[in-house]
Each structure stands twice: as C-alpha cells, then as structure tokens.
Amino acid sequence: MKALTNSDLRDLQQKVEALSDKAEPRATLTVLLRWIESHQEKMMSLPFSDYGLDKFSQFRLEDYPVSKSSLRGRELEHFRRTVSKLSLKDLAFVAMFIRDSLEALLMPEVDGECPRCNGYSIAVFKNKCDGKLLLLCKTCGFGWYFDAAQDTGGKREYEFATERELRKYGLV
Ligand SMILES: [Zn+2]
C-alpha cells in the first residue's frame with residue numbers, strides 16, 4: 001500500500017485555494033472527489049479506508065442534492081482555512097476532515113428535533129441494509145427512522161440518500 005505524500009496533500013490544498021470565495025458546493029465536491037479518485041490506491045489504506053474514503057470513486061454526484069449543502073460562504077471559508085493547515089503529521093485528522101466535509105456536501109439537513117437530546121441539527125441518511133431513510137442527530141449521533149413504524153431493529157449501515165429518494169419523502 002502506498003502512503004499519502006506531502007505533494008499529494010499540497011495538490012489538494014492548491015485546488016481548494018483555487019476555488020472562489022463564492023464557489024458552489026458542487027465545485028467544492030468536485031475538487032474533493034477528483035482528488036480522491038486520483039489517489040484511489042492510497043484511499044484504500046488506513047486511515048482513509050476507516051473513514052470510507054475508498055468508496056467515493058465512481059460516485060455519481062448528479063444523483064445527490066448538493067446545491068442544498070450549507071458548505072458555502074462562511075462555512076466554505078472555514079473549510080478552506082482548515083484544508084490549508086492539513087498536515088501529514090495527523091493523517092487521521094486529514095481523513096476525518098475530508099469525510100466530514102463530504103458529509104456536509106452530500107447530506108442535507110432537515111427541520112426536526114432529536115428525541116434523545118432535543119438537538120436541531122438533523123441530517124438524512126439511508127440505511128443501506130433496508131433502503132429506508134433514517135434521520136440522524138448530528139449533536140448526539142442518535143439515529144431513527146423517518147417513519148417510526150419502519151424500525152424493525154434490524155442492522156443499520158449508513159449511506160447517502162439520493163435526491164430521488166429524498167424527493168419521495170418531500171425532503172428536497
Ligand atoms: Zn441528539
């Protein structure tokens with residue numbers, strides 16, 4: 001397995017720096033996905049595979065409601081500043097930060113309240129195991145089915161819901 005090098009990281013930093021302050025979430029997502037694709041082999045090794053970054057090549061970004069992402073304006077500014085400070089010394093942070101940024105780009109937040117902690121930062125996911133939509137509290141990590149009656153207590157594996165799936169539930 002090949003390891004990520006300084007010049008690989010510098011390549012990402014330069015592409016993110018080149019984004020405009022007014023870049024749309026789609027432009028930011030494209031930069032991240034192309035970078036992941038061009039380092040696919042490295043993404044298959046730790047710590048990147050732990051964060052699922054090896055699963056993002058072949059991703060069809062047109063299937064996802066990326067324009068709804070809040071990663072723009074001030075959040076984009078924060079994203080760019082953090083990317084500029086990424087270092088090989090803390091690779092786990094690099095992997096986690098990229099994964100979190102992808103989530104912020106691909107996962108719309110919806111109105112709602114967490115039944116466990118009463119937080120208001122609620123995101124929509126899909127349970128890969130049964131194809132049903134789940135709501136996930138970004139504050140405490142509690143997840144529950146969009147329709148409580150669907151909860152059979154089965155296995156859960158989170159994946160991003162597509163725009164078409166969200167539309168079915170009136171969420172986009
Ligand atoms: Zn919560």
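Two residues are taken to be in contact if their C-beta atoms, placed from the backbone, lie within 7 Å. In the structure described here, which is a predicted model, residues 24 or more positions apart account for 60% of the contacts with a separation of 6 or more.

The protein contains 6 helices and 5 strands. Read from the N terminus, the order of these elements is α-α-α-α-α-β-β-β-β-β-α. The radius of gyration is 17 Å, close to the 16 Å that the globule rule gives for 172 residues, so the protein is as compact as a globular protein of that length. Along the principal axes, the C-alpha atoms fill a box of roughly 50 × 35 × 30 Å. Of the 172 residues, 25% count as buried.

Two domains are assigned: domain 1 covers residues 6-106, and domain 2 covers residues 109-168. Their centres, taken over C-alpha atoms, are separated by 23 Å. The contact between them involves 5 residues of domain 1 and 5 residues of domain 2. On the domain 1 side, the touching residues comprise 3 nonpolar, 1 polar and 1 charged.

Strand E2 (residues 122-127) and strand E3 (residues 133-137) run antiparallel and are joined by 5 bridges. In this pair, Phe125 stands opposite Leu134 of E3. E2 and E3 form a hairpin with 5 residues between them, and Gly131 in the turn has a positive phi of about 75 degrees.

Strand E3 also pairs with E4; these two strands run antiparallel and are joined by 3 bridges. Here Leu135 stands opposite Trp144 of E4. E3 and E4 likewise form a hairpin, with 5 residues between them. The turn of this hairpin includes Gly141, which has a positive phi of about 85 degrees. In a regular strand, the side chains alternate between the two faces of the sheet.

Strand E4 spans residues 143-145 and includes Gly143. Leaving aside residues up to four places away in sequence, Gly143 touches Leu134, Leu135, Leu136 and Arg156. Gly143 and Arg156 are 13 residues apart along the chain, and their C-alpha atoms are separated by 9.6 Å. A residue counts as buried if 20 or more other C-beta atoms lie within 10 Å of its own, and as exposed if 12 or fewer do. Gly143 has 17 other C-beta atoms within 10 Å and is therefore partly exposed.

Conventions. Residues are numbered from 1 along each chain as its sequence is written. This is a predicted model: local features need pLDDT of at least 70, side-chain atom pairs count only at pLDDT 80 or more; totals for chains, interfaces and linings use all residues. Domain bounds come from an automatic or database domain assignment. Ala, Val, Leu, Ile, Met, Phe, Trp, Tyr, Cys and Pro count as nonpolar, Asp, Glu, Lys and Arg as charged, and the others, Gly among them, as polar. Helices (H or I, at least four residues) and strands (E, at least two) are DSSP runs, numbered from the N terminus. The radius of gyration is taken over C-alpha atoms; the globule rule is 2.2 Å times the number of residues to the power 0.38. Two strands pair if DSSP finds at least two bridges between them.
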